[in-house]
Amino acid sequence: MESLQFTQGIVNAILLSGTLALVAIGFSIVWGILNIINLAHGAFLMVGAYITYWLFTLYGIDPFLSLPISMAIMFVVGYLVQRYLINMVIRAPLLVTFLLTFALEIVIINLATFFWKGDLRSVTPDYAGLGFSLGNVQVPYVRLAAFFISLILTGLLHVFMTYTKTGNAIRATGMDIDAARLQGVRIPQTYALTYALGTALAAGAGTLISISFPIDPTMGGAYTLRAFVICVLGGLGSIPGVMMGSVVFAFIEVFSGIWFPSLKDAIALLVLVLVLIVRPSGIAGKAFYH
Amino acid sequence: MSDREKKKAPLQYSLFDGLFQGRQGVLLGLFTLFLIFLAIFPFLSFASGFWLNTLTLILLLAAMAIGWNFIGGYTGYAAFGNVAFFGFGAYGTGLSMTKLGLSFFPSLLIGALAAMLFAIVMGLPILRLKGHYFAIATVAIATAMGEIADSWTSFTGGAAGITLPFFDPIEWSGQFFYYMSLLLAVGGLLLTWFILNRKMGYSWIAIREDEDAANMMGINTTWAKVMAFALSALMAGLAGGIYAYWKTFVLAEEVFKIEYTLQMILAAVLGGTGTIFGPFIGAFIYYILITLLVFFLPVGQLHATILGTIIILVMVFTPKGLMDFISGRKKISINSLLENIRTYRV
């Protein structure tokens, strides 16, 4: 039985790492380019999950089909939030932006609890429980699909950042804002676009999470912290780094969940503190996206 | 006075030199009157239990905000986990009173010292971190401590909590806790003033302005930062101990609530970080704002939305706090409110 639990744990960790990578990528580009810790990231993820839930419950739209819808809605929301709120104080000291995004998270979660209640909800399409077995190990189809969709979205982001003019403008802004401005990059719009990409990816992750796990308005905070830990583990702003960090973190989380169920979050957080102590600037410590 | 004499004027001045002169003096006089009012408050005829309760809460918040100001305001390290020290103080006091059977004051001391010790042990490694990393590390530690306190049932009572004995004689308990909190808050003000006139205070400000330069000037920055962290832990730990005995109950999800960290930061920011009186006055401003908003928007469940909206407005319009307006250094106008946006937007 022990070995079964072990192999199942490995499979679960790999499946989890895909979703976590998607959560962390959005967090990472916002941090890397805008130099803010977006504490509202998890709240946007939660709203994305709820959009999927309501589209499914009210209109019967398949959760995988609602992925682009929830991403598009949150893209617009993120753009407006950054353009007309965070941009106003973006160059202020750390405490200001930190508190601002923290407050955003509080407001979003509180409004969600107020309108949608705090109950646990789940998206249950007909195929939700289906899966296949590898020996004794269970692999649910939805989680496998979520894993591959996460990889595809991450890849698309990489292509966008590397091969399009807009993506290059975003990267240039992260490297040297003054030089980017001299090249004609419109900084406010670029910042808003970056943030919007971050929230859209968070919403996408929220959609994928809502298919496999129950959701509630406070689900986001844990993902914000996870995204942070992953960014520290993998190095800020590099896609391969974030992927690697997600795998490492997923293994820590799954196995500490098996061995010390009640201290799951505490262990993840203590790992974070430990990594920070050993490498105070993070493992890679690069200050921009590349 | 000629220029030459001006240059010679010593930097240090005695406590009472020009203390009550000019606008600053008027304000200090008003503040003194306010303190006297607070000191005699329980004996006033309209001082009901409700007002005593509210003021005790405000004063505890003021004490924690004053403590946060040491590390967040003067030293410039965005500490987001000070609630951990509050929790340590509460649990330290509660466990000493129930498990060791000590009376309140030694227990309070144990709780506060435990919080300080924890701050020193945690501070030595994490105060090497900068900016975002430090902030998140403190959040992480506070969250982890809350979870450990919640799940370590054999020691902390877990989800059942710890029940403390009542204050005896019970009819004076309101007054007792009120004066304890007042003493703590005023003690915090005196402590701030005391430190600021010493090398430690200058070290903190030097670290905030430029840590590398401070280091080069021979300031032991590690020591100064750890002291700032430990003293803020002392304030929060004492507040936690008083709170625990006041409520006669300690529960992890109550005393490790991240909202408390937010409240103390917000109080300090509202009043003005890096000022002596700012956090104290900020705590009052914070409660007045919250009470007014809850009064005009009577939707109890939206309390957190109101808190969040206040934070957003303060961060966008007056992140330097309201002290500049109160002391008359700035006039309240659309221009002064937009000044922050003009400086920091892109």
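Is the crossing of α4(A) and α15(B) left-handed or right-handed? A few notes on this predicted model, starting there.

1. The crossing of α4(A) and α15(B) is left-handed.

2. Who does the touching here? On the α4(A) side, the contact includes Val96(A), Leu99(A), Leu100(A) and Ala103(A). From α15(B), the residues taking part include Leu307(B), Gly308(B), Ile311(B) and Met315(B). Sorted by class, this helix contact has twelve nonpolar residues, four polar ones and no charged ones.

3. Now the two chains as a whole: 37 residues of chain B are in contact with 37 of chain A. On chain B's side, α5, α6, α13, α15 and α17 each supply at least two residues. The largest share is from α6(B), with 13 residues. Chain B's side splits into 25 nonpolar, nine polar and three charged residues.

4. Next, the largest nonpolar core, which has 210 residues. The members that touch the most others are Ala62(B), Met64(B), Ala115(B), Ala239(B) and Ile242(B). Helix α11 of chain B (residues 221-247) gives this core its largest share, 17 residues.

5. Ala62(B) is worth a look on screen. Setting aside neighbours within four places in sequence, Ala62(B) is in contact with Ala185(B), Ala267(B), Pro279(B), Phe280(B) and Ala283(B).

Methods: Residues numbered from 1 in each chain as written. Chains lettered and ligands numbered in written order. Predicted model: local features only at pLDDT ≥ 70, side-chain atom pairs only at ≥ 80, totals over all residues. Core = buried A, V, L, I, M, F, W, Y, C linked by C-beta atoms within 7 Å. Buried ≥ 20, exposed ≤ 12 C-beta atoms within 10 Å, placed from the backbone. Helix = DSSP H or I, 4+ residues; strand = E, 2+ residues; numbered from the N terminus. Contact = placed C-beta atoms within 7 Å. Left-handed = near helix turned anticlockwise from the far one by under 90°. Nonpolar A, V, L, I, M, F, W, Y, C, P; charged D, E, K, R; others polar.
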